[in-house]
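Visitor: I am new to this structure. Please show me how to read it, one feature at a time.

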Amino acid sequence: MLIYSQPLEVTQILDTVDQFLRTHLSPGMVSLSKGILTGLLLLVAYAVIALALIYIERKVAAFFQARLGPNRLGKYGVFQSLADMIKILIKEIIPINKADQLLFFAASFFVIIASLLAFGAIPFGMDLHAIDFNLGVFYLLAVSSLGVIGILLAGWSSNNKYSMIGAMRSGAQFISYELSAGFSLMTIVVLSGTLQFSEIIEGQRYCWNLFNGHLPAVVAFVIYLISGHAETNRGPFDLPEAESELTAGYHTEYSGLQFGFFYLSEYLNMFIVAAVATTMFLGGWMPVQIKGWEAFNQVMWVIPSWAWFIGKVGVMIFLSLWVRWSFPRLRIDLLLNLEWKYLLPINLVNLLVMVIIVLSGFTLTELFPAFFGR
Amino acid sequence: MRDIRKMILVTAPDALIEERQKLTVTLRPEQLHRVMEELRRDETIPYDYLISLTGMDWGDTLGVIYQLSSSADLTREIIVITSTANRTDPLLYSVSDLYETAQLNEREVYALFGIRFINNPDMRRFLLNDQWKGFPFRKDYTHDPVVNPVTVISSDIVDIAPRIRETAGGDLVEESVAIFDEDDYIINIGPQHPSTHGVMHFRTTLDGEIVKKVDVHSGYIHRGIEKLCENMTYPQMLHLTDRLDYLSANINRHALCMCIEKAADIAVPARAQYIRTIMDELQRISSHLLAWAAHCNDLGGTTAFIYGMREREHILDIFDKTCGGRLIVNQNVVGGVMFDIYPDFQKDVKAFIPYMRRQLIEYDHFFSHNAIALGRLVDIGHLSREDAISYGVTGPAGRASGWSCDVRRYKPYALYDKVEFKEILRTDGDSYARYMNRLDEIAQSLHIIEQLIDRIPPGEVCTKVKPVIRLPEGQFFQSVETGKGEFGVFIESRGEKTPYRVKFRSPSLSAVSAIPLICKGSFLSDLIGIAGSMDFVIPDIDR
């Protein structure tokens with residue numbers, strides 16, 4: 001494998017920081033300070049990405065709806081979400097009478113911590129990966145399903161019937177679609193033969209999993225998009241907070257920063273779903289490369305891996321926004337029908353088909369190793 | 001007509017039958033129910049549509065005026081009047097077993113006039129709260145704030161309904177029944193709720209997500225417009241009609257103007273008739289657009305909501321240029337219209353027609369055939385034709401149940417007998433039929449405007465009318481077709497410059513009264529969707 005020149009990668013900066021820390025600190029302190037720095041970076045990225053997404057969503061929604069969207073604060077209103085963040089930070093947190101104070105307080109943290117934990121496992125680019133577990137996919141599924149506890153707690157502890165109904169819907173929805181999301185990712189795990197994100201990405205160097213597994217992979221991709229979208233509680237699957245039915249669903253009673261946590265995590269969950277879809281199906285941060293076309297590959301590598309990642313995630317997010325602003329809301333029975341009567345059976349068969357394809361060597365990489373083989 | 005008279009006279013020999021503006025029958029209270037039942041169950045022409053039920057205070061007696069019509073032939077109308085001299089505890093027989101729409105209307109009459117109805121299963125006050133002292137629409141009511149002070153103390157809603165039942169032996173039994181079961185899970189949809197289109201209040205019991213029962217509470221913005229009218233001269237009253245169904249403001253006002261013009265025998269110039277008809281149709285389009293948009297929004301389609309608003313904006317611009325008002329047009333006056341159309345009016349309207357037709361196609365592509373939308377609309381909230389008639393659900397919702405009830409066709413006013421248009425009928429009676437009916441009616445309204453817009457004759461826009469109009473003594477009725485259904489005006493005049501009693505027949509009240517029926521057993525989400533499809537406006541209910 002040739003080494004391409006990668007002028008814009010952040011690897012060098014990371015190396016410099018590493019060298020700097022090593023020369024000045026003891027080995028123990030190096031890992032500690034690296035851990036702290038990574039954590040801080042992730043937190044900052046979390047906030048920045050959420051703000052960016054909020055702005056993007058508002059702009060995209062506006063264009064879908066023949067409106068202008070935010071356009072007063074800064075050029076094209078780019079500072080609008082920053083101002084909103086400041087507003088939400090200084091807003092009063094209103095205590096609710098007759099609410100279960102402890103659970104009410106804890107709920108928002110459950111939600112945001114679950115999404116933060118999942119956020120930390122995402123490979124953002126070459127070497128931009130906080131922890132590369134060998135059980136990465138499993139870890140991600142595990143922590144992202146923690147969020148529903150927060151939503152259920154929020155609904156229960158608010159002592160509000162709307163919240164309660166929202167939370168019950170959310171529980172039913174989340175648990176159902178978790179299955180589909182899990183199975184569709186498992187389909188890809190079967191294809192890649194690993195649970196480790198870095199290896200999954202490396203395996204897609206010349207052929208994305210989406211194409212490598214052809215039919216079952218495309219089916220898994222579509223199912224993952226649907227169920228991932230459903231897991232983020234966004235329209236047309238926004239039943240838990242269905243504003244025209246339940247005012248704001250499970251977070252009706254929340255105010256100030258506590259509400260902000262729910263809000264942030266909703267946007268970040270959208271990002272996480274898009275990032276996982278990118279990593280599992282669309283080659284993650286890996287640039288588009290064609291075997292043997294070295295000049296072309298070099299050009300592709302000039303674009304840094306994090307830009308590829310952002311680009312692919314951006315397309316996924318746009319899809320999500322497109323769906324959200326085009327479709328009306330499902331009803332709870334339609335939603336569960338879709339999952340249990342259609343998606344899940346299809347998914348189980350699909351997993352089986354994928355196993356057969358992988359075992360009998362019908363994947364693209366094995367059929368045409370000259371074009372797609374590693 | 002002969003038969004009807006004979007039939008009434010057989011059942012009630014001493015009934016007073018007069019030919020006033022409409023055929024009017026005056027009955028003793030104990031005869032009422034039997035005669036109404038005869039009329040309702042008549043085999044050839046059943047009088048199964050109770051247009052309005054109006055409480056009256058004639059000074060020494062209290063009574064009710066029933067305006068009946070037949071779903072088979074809407075041109076036939078009978079006015080039935082009954083009264084009781086007992087002012088301390090007036091009792092009349094309920095007709096709610098014959099006409100479902102009477103249920104809420106009788107509760108309203110009880111709240112406003114204090115007349116209690118025997119055999120009405122639920123005799124709580126409608127529009128007013130339980131603590132209200134006195135009956136505000138009686139002529140001897142004192143509106144002293146000391147009697148009914150403005151309270152800032154919240155009081156719980158008591159879900160116990162008093163009622164009077166007549167036993168088989170003929171004795172009257174006073175009893176009270178609980179609206180809900182002991183362990184019902186009650187959730188308040190409204191009065192502050194994003195999807196009740198105003199301050200509507202549905203007390204709903206749920207079994208999981210399934211709606212078990214809906215109890216309608218209204219009156220949060222009751223202003224007593226009908227009572228206010230009694231202290232105003234006829235021209236002064238006009239602007240109050242705009243505050244009923246504000247989405248059909250112009251059409252409501254048209255109804256009141258026509259009622260006064262007919263009673264006072266004032267001719268309206270041809271040019272004014274054209275302007276009125278065109279403006280009515282524009283108003284109808286804007287009302288349907290908003291109904292469509294809000295319905296889509298109730299189903300979670302926010303983008304569709306904005307699309308509807310975008311198209312409506314063009315109509316509002318035309319209104320704005322015509323008279324300065326956008327929501328409320330303020331153009332109709334007794335004798336014609338207040339001011340002429342602006343020079344480019346025709347150009348603007350003619351530009352709007354093809355634009356709106358293109359947008360209707362876009363709506364079809366975007367929402368009407370969307371798989372999720374179909375799942376949320378088709379076979380949801382079924383209202384049968386019989387129920388539509390019994391509840392008096394008119395307008396696009398009634399026609400979606402297969403009931404041909406377009407006032408413009410059966411009792412044509414203004415220029416509706418000179419234009420060609422199709423009455424949109426569907427027989428499914430579900431949310432989707434109501435939804436599609438509105439879109440199709442927009443197309444028909446465009447068609448009507450197209451026929452008129454180039455033919456507006458020159459001339460006066462308003463007949464000279466004295467500032468103080470005195471109507472001759474009598475009872476006057478006028479119905480029009482608003483965006484929501486049949487809107488009726490009733491004026492009783494004693495020959496003075498102010499009316500003795502005014503009543504507005506509200507199409508939204510009928511729509512809301514049917515909600516408990518058609519939402520029972522559906523999902524909570526569908527309650528919102530069905531309410532959107534019925535398209536009601538709260539000020540029209542509360543009046």
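**The sheet of chain B**

Guide: Chain B holds an open sheet of five strands, in the order β1-β2-β5-β4-β3, with mixed pairing. The edge strands, pairing on one side only, are β1 (16-19) and β3 (49-57) of chain B. From one strand to the next, the twist averages 20 degrees. This is a predicted model: local features need pLDDT of at least 70, side-chain atom pairs count only at pLDDT 80 or more, and totals for chains, interfaces and linings use all residues. Residues are numbered from 1 along each chain as its sequence is written, while chains are lettered from A and ligands numbered from 1 in the order in which they are written.

Visitor: What counts as a strand, and when do two of them pair?

Guide: Strands (E, at least two residues) and helices (H or I, at least four) are DSSP runs, numbered from the N terminus. Two strands pair if DSSP finds at least two bridges between them. Strands of a sheet pair through backbone hydrogen bonds, either parallel or antiparallel. Here, β2(B) and β5(B) run parallel, joined by five bridges. L23(B) stands opposite I78(B) in β5(B).

Visitor: How many bridges join β4(B) and β5(B), and in which sense do they pair?

Guide: Eight bridges, in the antiparallel sense, link β4(B) and β5(B). Y66(B) faces V80(B) of β5(B) across the pairing. β4 (residues 62-69) of chain B also runs antiparallel to β3(B), over eight bridges. There, M56(B) has G63(B) as its bridge partner.

Visitor: Why is β5(B) described as largely enclosed?

Guide: Six of its eight residues are buried, so β5(B) is largely enclosed by the rest of the structure. Buried means 20 or more other C-beta atoms within 10 Å of the residue's own, exposed means 12 or fewer, and partly exposed lies in between; C-beta atoms are placed from the backbone.

Visitor: Which helix lies across β2, β4 and β5 of chain B?

Guide: Helix α2 (residues 29-41) of chain B does, running at about 160 degrees to β5(B). Helix α3 (residues 102-113) of chain B packs on the sheet too, touching β3 and β4 of chain B. Its direction makes about 10 degrees with that of β3(B). Axes are lines fitted to C-alpha atoms, for helices over the stretch in contact; angles run from 0 to 180 degrees between N-to-C directions. Contact means C-beta atoms, placed from the backbone, within 7 Å.

Methods: Two residues are in contact if their C-beta atoms, placed from the backbone, lie within 7 Å.
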